[in-house]
Amino acid sequence: MACLFWMPGSHNDINVLHRSPLFANLAEGRAPKVNYTVNGHDYTMGYYLADGIYPSWATLISSITCPIGNKNKYFAKAQEAARKAVERAFGVLQARFAIVRGPARPWDIETLALIMKACIIMHNMIIEDEGHVDPDERFEDGDDNVELERGQPTQTLEEFIEAHKKIRNSETHVQLKEDLIEHLWNHHPDLYSYKI
């Protein structure tokens, strides 16, 4: 799922991706540090669920369009379910808060982030006040008491270029996707009650 903000001029999803402050922060070393292991391989960058139009970057994992084999079918089903859950959550917020439904153009990115966080908090307060907390309707925005450790800012042009190469590394993308497929298959066999 892509979350795109208005930019002046003509931009399609891919152009916006190349100008994304999300990836700029990562390349500049200002993004939170991420370290995790999947299927015995270590990774140092987070990843985002994406659809098939996005490039094979180490930071973007898309579903499998025509999955062959049980593991790939299971991964595609799980990936699509996760994307639909995010879309549903955003739809709930849009239905409840007019400010989320409206155009994003008048707002800068920092203000948009504050608006979304406020709407998530208010949504959770409403759900709790109504006396029932459905896990599918409660949205987590992270723990405010957790301090994120930032990476070291890139100092030189060479470090910046090297960071961009890591973000766009298609070999890491392929390895991570294979590791995620194996991990899901081995550790969450009943997660989506999917029968092959």
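**Exercise 1.** Work out whether E80 is buried, partly exposed or exposed, then find its salt-bridge partner.

*Solution.* Keep in mind that this is a predicted model. Step one: E80 has a relative accessible area of 29%. Buried means under 20% and exposed means over 50%, so a value in between is called partly exposed. That makes E80 partly exposed. Step two: E80 pairs with K84 in a salt bridge, and their closest N and O atoms are 3.8 Å apart. Step three: the two sit four residues apart in helix α3, so about one helical turn separates them. Step four: salt bridges with shared partners tie E80, R83, K84 and E87 into one network.

**Exercise 2.** Describe how helices α3 and α7 pack.

*Solution.* For two packed helices, you give the angle between their axes and the distance between the axes. Here, α3 (residues 70-96) and α7 (residues 170-187) cross at about 90 degrees, with axes 9 Å apart. Angles of 65 to 115 degrees count as roughly perpendicular, so α3 is roughly perpendicular to α7. Now the residues: on the α3 side you'll find Y74 and F75 among them, meeting α7 residues that include L180 and W185. Sorted by class, this contact has seven nonpolar, two polar and three charged residues.

Key:
Residues numbered from 1 in each chain as written. Predicted model: local features only at pLDDT ≥ 70, side-chain atom pairs only at ≥ 80, totals over all residues. Heavy atoms only, no water. Axes fitted to C-alpha atoms, helices over the stretch in contact; angles between N-to-C directions. Parallel < 35°, antiparallel > 145°, perpendicular 65-115°, else oblique. Contact = heavy atoms within 4.5 Å. Nonpolar A, V, L, I, M, F, W, Y, C, P; charged D, E, K, R; others polar. Salt bridge = Lys/Arg side-chain N within 4 Å of Asp/Glu carboxyl O. Buried < 20%, exposed > 50% of the residue type's maximum accessible area, 1.4 Å probe, protein only.
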